[in-house]
Amino acid sequence: MNVNMEMKKQNTINAFLVLFVVHTAQMGIGVAGIQRVLYKEVQQDAWIVIILSGVITCLIVWIIGKTLSEYENHTLFDIHLDIYGKWLGKFVNLLIVLYLFSVFLSICLGYIEIVQAWMFEKMPSWLIGAFLIILTGKGVRSGFRPIVGVCFLAFLSAIWMLFIFFAEPLKFAEWHYLFPMFELTSTELYKGMIKTSYSLLGFELLYFIYPFVKEKEKAVRFAILGVIASIVILVILTVIAIGYFSGEQLERTIWATISMFKIVKLPFIERFEYIAIPVWMIIIIPNLLLYMWAASKGIKISFGYRQSYALYVFLLLSLVVFIFFNKRLHINMFIDYVGMIGLYVCYVYPIILYIAVRIKKSLQN
Amino acid sequence: MKKTIISVIFLMMTLVLTACLEQYNLEKLGLATVIGYDLDKEEVRATAVLNQFQPEEKNAFQVVSSPGNTSKTSRQSSNLETSNKIVGGQLRVVVLGESLAEEGVLSITDTLSRDASIGTMLYLCVSKGNAKEILETKPPVSDMGTYLYNLLKQNIEGELLVSATLHEFLQAYYDPGKDPILPLVTMEDKSVKADGLVVFNNDKVVGFLKGDEGFYIKLIRERFKAGSTEISIPSESVKKFIKNKPKKENIFVVVDDIKSNSKITLVEASTPKYKITIHIDSVIKEVSEEVILEDPESLKTLEELIEKEMEKKVNNIMKKLQEMNSDPLGFGMVYDSSIRNKKLTHEEWKDMFPHAEFDVEINVDIVKTGIVE
């Protein structure tokens, strides 16, 4: 098959934008409540686990980059079709599309839950979902470059919250809670890393945006920088949360980050979470756009349907899900499953794929 | 053109769609600024002071009170007593009645922390007697909610009371090595005032600390400045520095802590044994006799005497806390953070704390003596 077709110049992006794409794709619902999930597994050493997971993530990003550089202008879907052949390739692509779609759903469901728990108890799920769907539909229709623009803007409109929020919780922090350090055992470390993976998902999108990058040799470097930025933010939020909450209190607090925002008081607004939660929508919009864009793109590449039709079908399906799927227990189970599948898709599969690509290439020579 | 029309339609929809959710009109709300909880037979009685906004009336407020099995049902039945809908978003103070506080307050604090609309920076306090009585009195200025809030706030900021927000209460409660501590509010001749502290064992009140003991509690909890305290020194020991003949047996010195530094270290884990080191930079605010303060030797003697008196006080408080088996200073937290590979439980710490030993070392530096010598 035709490997390495030319990319249209007006569709490409600068390499440094990969940083924002990867970073904003990683920041999502996970940041709001990662502290509790991790604390349950590894207690005060949670931040160490995040750093170690970060190191592994950087390695995986590097492997992904290696795989992609064998192909230059192709996404994961094209690589699959090349390696596995037409039928098996299509099947694997379908699985990948399903994975991307379920990540999309899990982010929406997670956000809907936050809005209902914190701001509008009685707002129906489908209504909040409909807002997200309209935004996603509009965004994905505009094409890839506008999506990257949204990522950049979302980064700028969300990062300031971190600085506003530092001072207040620190006043109540007990640094004793961080000690004794390095107490974790290897099984705890393993379990903790698995739990962190959901919050770090997003870097696998490099598989789909790579062909659009102008200077390909720099793409991986910027992707790794994006991962490091996410790790820094996660570590800061986790360290503050461990100091701010006492052990069992943190285990009971579902969204520790938002609970910490709750005490920030500005002269014109008494409760900062009423700003933070709407801004959170800006944080998740890049995720929704990128995942939906990649999923609909996958359908187009593998099955030849128009990308916009695939998009409409997916959006309609999600609306159905939002209407019928709104028990917290089920939602949590679903998000856990997505995290689990994400772990295999993003951490295990890239290694297998890389080996497969190497074998294929050496056979060709 | 088509796009413009569509976007205009969308923009107009945002105007129409605003009423989709529950509406909160300020004139139709009763903003609860303070809620008091009492034990009324087997039930919890909630009393709330509601602020209402009526254009004709200045300071319109109403006190409602009704019992219920849980704090939420009592709030709902309170709603039947008022023309306005009760909301908790402006809740500033929660008063826990003495009877309830002795039975345990977790059900109340749990409800408060579960409700997203209620801030975790609201103040908690315990009332001597019923909370209802306090909330029903008319304060000298504005309504009881605002009055209590300002009373607690200015005293916490002015370093006279230990900070007691809902968050800090829960932080201490859920920590096995720490117990909550709250201010006590009393009513005397129709006037409400803060008067000392109450300490908890888990979520039950087990004892009281007097006002001046609060100074030492703040002193040991490193995060806060401790404010000022009065210390008595036997006149005999500073006789040679006093200009006139002392009138009383003791002279009193008011010491203001401008910068203090406290450190709790675990010396020995099995007993457990602690070393409490406190360094205070202080200002002499007032001396009841005319003591020569410019003399380095006299200052040194004074410092030593103050140190000794403070150490005695701290030891007394520690003994008192151990008798009540309440650890608001978080010695268990220090224990837990110093011992590797062991997670402290509530029960373990409750067994250990009464036997703990404390070695108190206080170092006072008088850095200023005011603008006169």
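How many residues does helix H13 of chain A have, and how far does it reach from its first C-alpha to its last? In this predicted model, H13(A) runs over residues 273–303, which makes 31 residues, and it spans 44 Å, close to the 45 Å expected at 1.5 Å a residue. The helix still has a kink: H13(A) bends by about 35° at A:Ile284, and A:Pro286 follows within four residues. Most of H13(A) is covered, with 24 of its 31 residues buried. Just past the end of the helix, A:Gly304 adopts a positive phi of about 80°.

Next comes the packing. The largest nonpolar core holds 139 residues. Those with the most contacts inside that core include A:Trp280 and A:Trp293, along with A:Leu100, A:Phe104, A:Tyr111, A:Phe203 and A:Phe208. Leaving aside residues up to four places away in sequence, A:Phe203 touches A:Val22, A:Gln26, A:Thr57, A:Ile60, A:Val61, A:Ile64, A:Val227, A:Cys346 and A:Tyr347. There is also a second, separate core of 71 residues, and B:Val192, B:Ile220, B:Val291 and B:Val360 are among its members.

As for open space, the largest pocket has a volume of about 1,200 Å³. It is lined by 32 residues, and the closest to its centre are A:Glu121, B:Tyr24, B:Val87, B:Asp115 and B:Ser117. Several elements supply at least two lining residues each: helix H5 (86–118) from chain A, and strand S1 (29–40), helix H2 (71–79), strand S4 (85–87) and helix H4 (106–114) from chain B. H2(B) gives the largest share of the lining, four residues.

A few backbone details round out the picture. A cis peptide bond links A:Phe179 to A:Pro180, with omega about -10°, and A:Pro180 sits in the loop between helices H7 (144–171) and H8 (186–200) of chain A. In chain B, B:Thr271 and B:Pro272 are likewise joined by a cis peptide bond, with omega about -10°; here the proline, B:Pro272, is in the loop between strands S11 (250–268) and S12 (273–287).

Positive phi values also turn up in residues other than glycine. A:Gln43 has phi near 50° and belongs to the loop between helices H2 (30–42) and H3 (46–69) of chain A. Is A:Gln43 buried or exposed? Its relative accessibility is 17%, so A:Gln43 counts as buried, the cut-off being under 20%. B:Asn202 has phi near 55° and lies in the loop between strands S8 (191–201) and S9 (204–209) of chain B. With a relative accessible area of 27%, B:Asn202 is partly exposed.

How values were computed
Residues numbered from 1 in each chain as written. Chains lettered and ligands numbered in written order. Predicted model: local features only at pLDDT ≥ 70, side-chain atom pairs only at ≥ 80, totals over all residues. Heavy atoms only, no water. Expected span 1.5 Å × (residues − 1). Bend = angle between axes of the 7 residues up to and from the residue. Buried < 20%, exposed > 50% of the residue type's maximum accessible area, 1.4 Å probe, protein only. Core = buried A, V, L, I, M, F, W, Y, C linked by side-chain atoms within 4.5 Å. Contact = heavy atoms within 4.5 Å. 1 Å grid on protein atoms, 1.4 Å probe; cavity = no way out; pocket = protein on both sides within 12 Å on 5 of 7 lines; lining within 4 Å. Points joined across faces, edges and corners; volume = space filled by probe spheres on them.
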